[in-house]
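This briefing goes through one protein chain by topic. Please look over the sequence and the structure before reading on.

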Amino acid sequence: MKKSNYFFISLVLAAWLLPGVWTSAIAGGMDLAGLLVNKLGVTQAQAEGGAGSIFNVAKGALSADDFSKVTNALPEASKLMQAAPTSGVAQAASAAVGNKAGSLGNLASLAGSFSQLGMKGNMVSQFIPIVLDYATSKGGSGVGGLLQSVLK
């Protein structure tokens, strides 16, 4: 048997025997919206709008300097923010400005945005850990910590 055939067979066996490793490797190359679709079974529009709503809350709650650290690490954040429901953006911004220290207000405004996207409010608690993990993997613990400070 040729060397390339052994390699191919090894790959197939690894994929079959180690599905968690295989899916992690695939997920590692996914963008945030794709990861949310894959892990939560939401639509692309829901994933983009939900993540965008989360970033809008962060923008309203963080200083401009801190939020620029987030967008530098996660350039897709700007595009995702545009996909957020517009009235949800206004709610999120006013809640964040009116309640900088209170993540409870931030979470409540997110529930409203998620509802506009056709998702139940409990989906917020499913999105947040994925967004935080993604942000930490792309921007390090500093960026993950900034987002966590306004989302937990």
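This is a predicted model: local features need pLDDT of at least 70, side-chain atom pairs count only at pLDDT 80 or more; totals for chains, interfaces and linings use all residues.

Leaving aside its neighbours within four places in sequence, which residues is L147 in contact with? They are F55, A58, V70, L74, L132 and A135.

**Overall make-up**
- The chain has nine helices and zero strands.
- Read from the N terminus, the order of elements is α-α-α-α-α-α-α-α-α.
- Of the 152 residues in the chain, 39% are buried.
- Among contacts with a separation of 6 or more, 66% are between residues 24 or more positions apart.

**Nonpolar core**
- In soluble globular proteins, nonpolar side chains tend to be buried together.
- Here the largest nonpolar core has 37 residues.
- The residues with the most contacts inside this core are L32, F55, V70, L147 and L151.
- Two or more residues each come from α3 (32-40), α4 (44-61), α5 (64-73), α6 (77-83), α8 (103-116) and α9 (123-151).
- The element that gives the most to this core is α9, with 14 residues.
- Two of the residues with the most contacts inside the core, F55 and V70, are also among the contacts of L147.

**The pair α3 and α9**
- The axes of these two helices, α3 and α9, come within 11 Å and cross at roughly 135°.
- Angles over 145 degrees count as roughly antiparallel and those from 65 to 115 as roughly perpendicular, and α3 and α9 are therefore oblique to each other.
- The crossing in which α3 passes α9 is right-handed.
- On the α3 side, the residues that meet α9 are L32, L35, L36, K39 and L40.
- On the α9 side, their partners are M123, Q126, F127, I130, V131 and Y134.
- Sorted by class, this contact has nine nonpolar, one polar and one charged residues.

**V131**
- V131 lies in helix α9 and is one of the residues that meet α3.
- Is V131 buried or exposed? V131 counts as buried because its relative accessibility is 0%, where the cut-off for buried is under 20%.
- Apart from neighbours within four places in sequence, V131 is in contact with L32, I54 and F55.
- L32 and F55 are among the residues with the most contacts inside the largest nonpolar core.
- V131 and Q148 are 17 residues apart along the chain, and their C-alpha atoms are separated by 9.5 Å.

Conventions
Residues are numbered from 1 along each chain as its sequence is written. Side-chain values use heavy atoms; hydrogens and water are left out. A nonpolar core is a set of buried Ala, Val, Leu, Ile, Met, Phe, Trp, Tyr and Cys residues joined through side-chain atoms within 4.5 Å. Buried means under 20% relative accessible area, exposed over 50%, partly exposed in between (1.4 Å probe, protein chains only). Helices (H or I, at least four residues) and strands (E, at least two) are DSSP runs, numbered from the N terminus. Contact means heavy atoms within 4.5 Å. Axes are lines fitted to C-alpha atoms, for helices over the stretch in contact, and angles run from 0 to 180 degrees between N-to-C directions. Angles under 35 degrees count as roughly parallel, over 145 as roughly antiparallel, 65 to 115 as roughly perpendicular and the rest as oblique. A crossing is left-handed if the near helix is turned anticlockwise from the far one by less than a right angle, and right-handed if clockwise. Ala, Val, Leu, Ile, Met, Phe, Trp, Tyr, Cys and Pro count as nonpolar, Asp, Glu, Lys and Arg as charged, and the others, Gly among them, as polar.
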